[in-house]
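Subject: Structure handover

Hello,

The structure is below, followed by notes on what turned up in it.

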Amino acid sequence: MIASEGKIILIPLFLLVIAGTGIQAYYPSVGLKWINLTLSVLTLFSLYFFRDPQRIPPNNNGFLSPADGKVVQIINVEDEEIGPAKQISIFLSVFNVHRQRVPLSGKVISKQYNSGKFLAAFNHKASMDNEHTAVLFETENGKRYKIKQIAGFVARRILNYMEPENMVQRGQRLGFIRFGSRVDIILPRDFQIDVSLGDMVQGNKTIIGQFQ
């Protein structure tokens with residue numbers, strides 16, 4: 001399945017490929033062969049990038065990974081809304097699925113957007129300095145956690161579908177980041193983490209851990 005967020009890029013690319021192929025067929029002397037080839041490669045890559053696989057979350061109460069990617073940081077932090085917390089950072093390369101999903105059912109407490117820089121997403125300063133959207137959730141058991149979608153060096157567009165006061169379900173679409181990026185999970189300090197630094201995780205599939 002292709003993510004609807006990719007239409008704004010895929011449709012123009014398809015039209016350009018069709019137009020260029022048609023012009024080349026009727027006017028071979030124009031010399032659009034390499035341009036058409038480049039556009040075709042970009043179209044195929046975009047189709048791959050905007051894939052949105054349907055995944056059924058495991059039938060348990062585990063905290064799901066909100067994104068695909070590599071765990072690049074696990075640190076203790078102080079969060080103004082959660083207090084003493086743990087931060088788990090997931091780096092998404094351009095080859096990862098870029099859909100983000102809700103890790104655990106509950107209520108959206110707040111959403112904040114912060115403009116900022118566009119450092120490479122694997123740079124740990126990106127968590128604080130880059131453009132990002134942060135959503136605070138409260139579970140049905142009163143536990144709070146935060147998901148931050150962080151733009152990277154290439155990414156320039158964060159899409160987020162959460163709204164304060166909305167009730168959301170585990171596995172629901174949270175948003176999408178176009179091209180390389182980073183997702184931070186901020187959890188209470190007593191949260192039991194079941195992943196390690198360097199692990200590859202899958203959104204809506206890998207269990208990050210459990211609330212205590």
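A salt bridge here is a side-chain nitrogen of Lys or Arg within 4 Å of a carboxyl oxygen of Asp or Glu. Under that rule Glu5, Asp52, Arg99, Arg101 and Arg173 are linked in a network. Please keep in mind that this is a predicted model.

Salt bridges

Searching the whole structure gives twelve salt bridges. One of them joins Glu5 to Arg99, with 2.8 Å between the closest N and O atoms. Glu5 has a relative accessibility of 5% and so counts as buried. Arg99 is buried as well, its relative accessible area being 4%. Both residues belong to the network described above.

A further salt bridge is formed by Lys146 and Glu81, whose closest N and O atoms are 2.7 Å apart. Here too distant parts of the chain are linked, since Lys146 is in strand 7 (residues 144-151) and Glu81 in the loop between strand 2 (69-79) and strand 3 (83-92), with 65 residues separating them. Lys146 counts as buried at 5% relative accessibility, whereas Glu81 is partly exposed, with a relative accessible area of 28%.

Lys107 and Glu165 also form a salt bridge, the closest N and O atoms being 3.0 Å apart. Lys107 lies in strand 5 (residues 106-114) and Glu165 in the loop between strand 8 (158-160) and strand 9 (167-168), so this pair ties together parts 58 residues apart in sequence. Lys107 is partly exposed at 28% relative accessibility. Glu165 is exposed, with a relative accessible area of 53%.

Aromatic pairs

The count of aromatic pairs comes to six. In Phe63 and Phe191 the ring centres are 5.5 Å apart and the planes stand at 75 degrees, so the pair is edge-to-face; the cut-off for that class is over 60 degrees. Phe63 is in strand 1 (residues 63-64), while Phe191 is in the loop between strand 11 (181-188) and strand 12 (192-193), so that the pair links distant parts of the chain, 128 residues apart. Phe63 and Phe191 are both buried.

Phe63 pairs with Phe211 too: the centres are 6.0 Å apart and the planes are at 75 degrees, so this pair is edge-to-face. Phe211 is in the segment after strand 14 (207-210) and Phe63 in strand 1, so the pair ties together parts that are 148 residues apart in sequence. The relative accessible area of Phe63 is 1%, so the residue is buried. Ring pairs join Phe63, Phe137, Tyr145, Phe191 and Phe211 into a cluster.

Helix packing

How do helix 1 and helix 2 (residues 33-49) cross, and at what angle? Their axes come within 9 Å and cross at roughly 155 degrees. Angles over 145 degrees count as roughly antiparallel, and helix 1 and helix 2 are therefore roughly antiparallel to each other. The crossing is left-handed. On the helix 1 side the contacting residues include Ile9, Leu10, Leu13, Phe14, Leu16 and Val17, and on the helix 2 side they include Leu39, Leu42, Thr43 and Leu47.

Regards

Definitions and conventions. Residues numbered from 1 in each chain as written. Predicted model: local features only at pLDDT ≥ 70, side-chain atom pairs only at ≥ 80, totals over all residues. Heavy atoms only, no water. Phe/Tyr/Trp six-rings, centres within 6.5 Å; stacked < 30°, edge-to-face > 60°. Helix = DSSP H or I, 4+ residues; strand = E, 2+ residues; numbered from the N terminus. Buried < 20%, exposed > 50% of the residue type's maximum accessible area, 1.4 Å probe, protein only. Axes fitted to C-alpha atoms, helices over the stretch in contact; angles between N-to-C directions. Parallel < 35°, antiparallel > 145°, perpendicular 65-115°, else oblique. Left-handed = near helix turned anticlockwise from the far one by under 90°. Contact = heavy atoms within 4.5 Å.
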